[in-house]
Amino acid sequence: LERDHLSQVAGMTRRQTDRLEAAGIATMAALAQTTLTKVAGLRAELFERLKEQAKLQIESRGLERPTYRVVPTAEAGDGHGLSRLPPPSPMDVFFDIEGYPLVKGGLEYLFGATTRTGDALAFRAFWAHNKTQEKTAFEAFIDWVMERWKADPSMHVYHYAPYEVTAMRTLMGAHATREDEVDALLREGVFVDLYQVVREGLRVGEPSYSIKNLEHLYWEARDGDVQSGGASI
């Protein structure tokens, strides 16, 4: 932090840091303020995105709610950013998995799903405390999603980052169950990764685009005894 190192810029890679330092840009402030329009080894659009990211993070320092910008479709590209979002359905599901890594092979112990009826939200949990229960919870979750999908083929399952889809593939293979159902859901694009939507469709003055950081845009603060996945474990 004291060095204002470029690694603090959200999405910055080591290779990009090296390219910027070679061009004389060694800090986040320098990146935000540079008048350069190109840097050797970096695509022009990538350089502009990194500059904007640095500016937003600096502008957001000390603010309860970070500065942000919505990226228009014309800039993100057709089929990218917010244009990835399908029309809403009353049968939509917002899905998150919590896993326990400290057992052999891991354990997906909570399949959490939120649905909406009008303005009311409802949470449904599928719990597992061992591998047998994990299989049962996985089957119950997939069967429940399939029922909703059959009732409304326009519904989607929203998640943040690719872990949930990876877990679905892993679980159907590990337990040799619900292969056809998971294949159909994935093939038809029922799962929608909101992390990809956010990365392409928003610029936010946060050092990371994790869900915990993005919550600063729309939540005052987390409450309750469980504040993170680690605390949940």
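These legends walk you through several close-up views of a predicted model.

**View 1. Strand S2 and its two partners.** Let's start with strand S2, which covers residues 93–100. On one hand, S2 pairs with strand S5 (residues 157–159) in the parallel sense, over two bridges. Look for valine 93, whose bridge partner in S5 is valine 157. On the other hand, S2 pairs with strand S3 (residues 107–117) in the antiparallel sense, over seven bridges. Here tyrosine 100 stands opposite leucine 107 of S3.

**View 2. The hairpin of S2 and S3.** Six residues lie between S2 and S3 in this hairpin. Glycine 105, in the turn, has a positive phi of about 85 degrees. Glycine 106 also has its place in the loop between the two strands, S2 and S3.

**View 3. A closer look at glycine 106.** Leaving out residues up to four places away in sequence, glycine 106 touches Tyr100, Pro101, Lys131 and Glu134. If you also find aspartate 180, you will see that it sits 24 Å from glycine 106, C-alpha to C-alpha, with 74 residues separating them in sequence.

**View 4. The largest nonpolar core.** This core has 27 residues, and Phe95, Phe111, Phe141 and Met168 are those with the most contacts inside it. Two or more residues come from each of S2, S3, helix H5 (131–151), helix H6 (163–174) and helix H7 (179–187). H5 gives the largest share, eight residues.

**View 5. Around phenylalanine 141, with a word on a second core.** Which residues are in contact with phenylalanine 141, leaving aside its neighbours within four places in sequence? They are Phe95, Phe111, Ala113, Phe126 and Met168. Elsewhere, you can look for a second, separate core of 14 residues, with Leu6, Leu20, Met28 and Ala32 among them.

View 6. Tyr68, Val70, Leu82 and Leu85 make a nonpolar surface patch of about 350 Å². Tyrosine 68 belongs to strand S1, which covers residues 68–70.

How values were computed:
Residues are numbered from 1 along each chain as its sequence is written. This is a predicted model: local features need pLDDT of at least 70, side-chain atom pairs count only at pLDDT 80 or more; totals for chains, interfaces and linings use all residues. Side-chain values use heavy atoms; hydrogens and water are left out. Two strands pair if DSSP finds at least two bridges between them. Helices (H or I, at least four residues) and strands (E, at least two) are DSSP runs, numbered from the N terminus. A nonpolar core is a set of buried Ala, Val, Leu, Ile, Met, Phe, Trp, Tyr and Cys residues joined through side-chain atoms within 4.5 Å. Buried means under 20% relative accessible area, exposed over 50%, partly exposed in between (1.4 Å probe, protein chains only). Contact means heavy atoms within 4.5 Å. Patches are made of residues with over 30% relative accessible area and no salt bridge: like charges are joined within 9 Å, nonpolar side chains (Val, Leu, Ile, Met, Phe, Trp, Tyr) within 5 Å. Accessible areas come from the Shrake-Rupley method with a 1.4 Å probe; for residues, only the protein chains shown count as cover. A salt bridge is a side-chain nitrogen of Lys or Arg within 4 Å of a carboxyl oxygen of Asp or Glu.
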